Amino acid sequence: MSSQSTKESQPPPPAPPPPTTMPPTSQHLPTTTAATTTTTTRKLTLIPLIFLIYFEVAGGPYGEEPAVQAAGPLFAILGFLIFPFIWSIPEALITAELSTAFPGNGGFVIWADKAFGPFFGSLMGTWKFLSGVINIAAFPALCIDYLKRLFPIFSSGLPRTLAILISTLMFSFLNFTGLSIVGYFAVGLGIVSLAPFVLMSLIAIPQIKPHRWISLGQKGVKKDWNLFFNTLFWNLNFWDNVSTMAGEVENPKKTFPVALFSAVIFTCLGYIIPLVAVTGAVTVDQSEWETGFMADAARMISGNWLKIWIEIGAVLSGIGLFEAQLSSSAYQLDGMADLAFLPKFFSLRSKWFNTPWVGILVSTVFALAVSYMSYTDIVSSANFLYSLGMILEFSSFLWLRKKYPQMKRPYKVPLKLPALIVMCLIPSVFLVFIMAIATKTVYLVSGLMTVGGIAWFLLMKVCKSKGWLKFQRVVVDDEELES
């Protein structure tokens with residue numbers, strides 16, 4: 001455990017940095033608030049971390065079906081083959097470099113703060129937190145939607161409301177028991193939820209007719225490129241979310257790159273293999289390729305027993321997605337407290353499990369509030385805010401590379417600055433496209449959320465100057481950063 005000191009109310013004045021070695025605020029790099037408790041906790045190791053990243057991003061091939069509905073089998077297969085190189089790999093590379101350079105809870109919030117200062121760090125925190133908790137809210141409802149096929153009582157009314165409430169609280173309690181437990185739980189969920197797709201793909205082999213793969217879709221069916229690209233974006237996103245838990249990972253400077261690259265391969269294979277198997281083995285009306293069609297395809301290929309297994313797997317996948325993303329949101333708030341963007345209260349940890357219980361509670365309350373709303377536009381707004389955050393993230397990465405080329409980076413993307421600009425520019429163009437096709441309601445909601453984030457930053461600034469709330473900024477010595 002590294003030695004650390006804190007100062008309340010005001011962050012320490014920055015010391016003049018060497019011009020090309022470390023960023024101006026590296027001497028107060030937040031690592032973790034674990035030193036504030038005597039509880040000994042286990043750090044995340046490689047295998048649980050791989051599965052947590054997997055559930056941050058995918059959780060299985062559930063949800064890839066609309067790509068076929070939107071553009072036909074060929075474009076769907078090409079999309080899941082090509083899009084990882086445009087989006088997933090660049091995002092994973094950036095996450096690997098910056099998470100190892102700044103291995104503290106808070107992740108992308110730290111990066112924006114180091115690159116552009118506290119205002120942009122706080123704004124990044126607002127954008128990513130709001131988009132994260134809205135995503136969290138979807139997963140208990142998704143689980144109930146699958147369960148209602150077996151138990152119709154959960155279709156509507158009080159039973160559905162209580163089911164969402166109870167499941168959300170139960171899932172949150174599991175998160176409270178510790179990140180290591182959540183990580184190993186994710187391993188189990190991943191194996192059980194992926195197994196039926198492996199079986200389905202193997203059983204489908206004799207039924208595959210390769211000419212079906214090159215189908216451009218049914219004649220007369222107009223391609224929905226908006227749905228197509230949003231499906232790819234949704235299913236291959238959020239690689240950077242795990243960065244908010246970097247302070248909880250065992251030997252993050254070595255573990256993070258291996259975990260990220262393993263998860264990229266694991267996730268992409270998890271999408272493409274079932275997609276190739278089903279599109280090659282099954283011929284149905286293109287309109288039937290809605291979310292959940294994989295379960296119907298399993299029945300056609302093998303029988304009802306496999307369909308039921310995939311539906312159970314969908315519930316388990318939803319639990320894994322909930323746990324992984326709740327962990328990210330909770331540790332993000334913990335990291336923001338270490339950066340003094342939030343009051344010290346947000347860094348409080350459980351005496352039993354050393355988990356950031358305030359962050360878990362706040363994230364759960366936000367998710368519950370959203371889960372009972374009709375939130376189509378709010379979800380679109382969350383994607384809009386996430387896109388803004390990603391553009392800021394790419395900018396932070398490039399600016400830190402330019403301004404501090406000699407800064408110690410345990411893992412470094414093996415490209416020079418001009419190539420890195422191209423690497424970031426391509427996904428940024430896609431993000432601008434996603435934002436450009438948004439509705440007026442999305443612009444309004446996103447604008448209000450952004451204004452709220454700016455108002456929060458100003459409020460916290462006043463609270464610091466007036467001493468109304470206690471703040472801390474976790475500090476470590478430069479020598480420890482170099483070890």
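Let's start at Thr-177, which sits in the loop between α6 (157-176) and α7 (179-204). Helices here are DSSP runs of H or I with at least four residues, numbered from the N terminus. Thr-177 is buried, at a relative accessible area of 13%; buried means under 20%, exposed over 50% and partly exposed in between, using a 1.4 Å probe and protein chains only. If you skip its neighbours within four places in sequence, Thr-177 is in contact with Phe-353 and Thr-355, where contact means heavy atoms within 4.5 Å.

A quick word on what you're looking at. This is a predicted model, so local features need pLDDT of at least 70 and side-chain atom pairs count only at pLDDT 80 or more, while totals for chains, interfaces and linings use all residues. Residues are numbered from 1 along each chain as its sequence is written, and side-chain values use heavy atoms, with hydrogens and water left out.

Now for helix α5. Two packed helices are described by the angle between their axes and the distance between the axes. Axes are lines fitted to C-alpha atoms, for helices over the stretch in contact, and angles run from 0 to 180 degrees between N-to-C directions.

| Pair | Angle | Axis distance |
|---|---|---|
| α5 (residues 118-150) and α15 (residues 440-466) | about 130° | 9 Å |
| α5 and α11 (residues 304-338) | about 160° | 9 Å |

The angle makes α5 oblique to α15, whereas α5 and α11 are roughly antiparallel. The cut-offs are under 35 degrees for roughly parallel, over 145 for roughly antiparallel, 65 to 115 for roughly perpendicular, and oblique for the rest. α5 and α15 make a right-handed crossing, and the one between α5 and α11 is left-handed; left-handed means the near helix is turned anticlockwise from the far one by less than a right angle, right-handed clockwise.

Who touches whom? On the α5 side, the residues meeting α15 include Phe-119, Trp-127 and Ile-134, and among their partners in α15 are Met-449 and Phe-457. By class, this α5 contact with α15 has 9 nonpolar, 4 polar and no charged residues. Ala, Val, Leu, Ile, Met, Phe, Trp, Tyr, Cys and Pro count as nonpolar, Asp, Glu, Lys and Arg as charged, and the others, Gly among them, as polar.

Ala-137 is also part of α5. Ala-137 is buried at 1% relative accessible area, and its C-alpha atom is 6.3 Å from that of Leu-368, 231 residues apart along the chain.

Definitions and conventions:
Helices (H or I, at least four residues) and strands (E, at least two) are DSSP runs, numbered from the N terminus.
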